[in-house]
Amino acid sequence: MKNYFVKDLMVPISEYATVSEHATLYESVLALEKSQEQFQQSRYAHRAVLVLDKNKRVIGRLSQMDFLRALEPRDDNLDQIRKFKQFGFSRKAVALQQEEYLKNSPPILDVYSKAAKLKVTELMQRPTEGEYVDEKTSIDMALHQLTTGSNLSLLVSRGADIVGVLRLADVFAAVFHAMKDSESKPIDGATR
């Protein structure tokens, strides 16, 4: 894998789902859907949307988890119930309390409608220092960065610009194929 570089496996920004910083959650869902339809069928579907500022620079991203979290009710009572875990209550006990409380929540269609109007800047995750990787970095080093940071993807940089996304799924596929190829090659005239 030392012969592969991040730029060989990254998805260019031009092929990634992006929205402006003024977009709503609904517009982000549409962008993700469109990107998934247009992306090569031989690769894994995108699972995030990049948020761009007015200068087309990446300022954040919305993952599938961020989309789903936007649908969760937000109020002080529910936040208090979620804190029960720190007082030694089991996950099951907390889940039962949440379930009981949510029975009196608004219908899910109301939640969808409200969440769809949220601005992406309210929900997006801003990239941290450990979520960037230079396009000339070896895949070995990028693999280390992905695993130590428990990242599903890294933003690929060229100088100060973000030029792509290195996804865990693509790195896994490359490593898997390299492993498969190495196991099928004869060693000293013998096969495995």
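Guide: Helices are DSSP runs of H or I with at least four residues, strands are E runs of at least two, and both are numbered from the N terminus. Lys 56 sits in the loop between S3 and S4.

Two notes on provenance. The model is predicted: local features need pLDDT of at least 70, side-chain atom pairs count only at pLDDT 80 or more, and totals for chains, interfaces and linings use all residues. Residues are numbered from 1 along each chain as its sequence is written, and side-chain values use heavy atoms, with hydrogens and water left out.

Five residues lie between the strands of the S3 and S4 hairpin. Lys 56 is not a glycine, yet its phi is positive, about 65°. Most residues other than glycine have a negative phi. Lys 56 counts as exposed because its relative accessible area is 66%; exposed means over 50%, buried under 20%, and partly exposed in between, with a 1.4 Å probe and protein chains only.

Now the strands. S3 and S4 pair in the antiparallel sense, over five bridges; pairing requires that DSSP finds at least two bridges between two strands. Leu 52 has Val 58 of S4 as its bridge partner. S4 is mostly covered, with five of its six residues buried.

Glu 21 touches this region. It lies in the loop between strand S2 (18-20) and H2. With a relative accessible area of 22%, Glu 21 is partly exposed. Not counting residues up to four places away in sequence, it touches Val 51, Leu 52, Asp 53, Lys 54, Ile 59, Val 120 and Thr 121; contact means heavy atoms within 4.5 Å. Glu 21 and Glu 122 are 101 residues apart along the chain, and their C-alpha atoms are separated by 9.8 Å.

A nonpolar core is a set of buried Ala, Val, Leu, Ile, Met, Phe, Trp, Tyr and Cys residues joined through side-chain atoms within 4.5 Å. The largest has 17 residues, and Val 19, Leu 25 and Leu 62 touch the most other members. Strand S3 (48-52), strand S4 (58-63), helix H2 (25-38) and helix H7 (120-123) each supply at least two of its residues. H2 gives the largest share, three residues. Leu 25 contacts Leu 62, Phe 67, Ala 70, Ala 115, Ala 116, Leu 118, Val 120 and Leu 123, leaving aside neighbours within four places in sequence. A second, separate core has 13 residues, including Val 133, Leu 146, Leu 154 and Leu 166.

Leu 25, Ser 28, Ala 31, Leu 32 and Ser 35 are the buried residues of H2. They cover an arc of only 115° around the axis, so they lie on the same side of H2; the arc is that of the directions from the helix axis to the C-beta atoms. An α-helix has 3.6 residues a turn, so residues three or four places apart point the same way. The face of H2 turned away from the buried side carries exposed Glu 37 and Gln 38.

Asp 66 lies in helix H3 (residues 64-69). It counts as buried because its relative accessibility is 5%.

Ser 150 is not a glycine, but has a positive phi of about 50°. It lies in the loop between H8 and strand S6 (153-158). Ser 150 is exposed, with a relative accessible area of 64%.

Finally, the whole. The protein has nine helices and seven strands. Of its 192 residues, 33% are buried. Among contacts with a separation of 6 or more, 63% join residues 24 or more positions apart.
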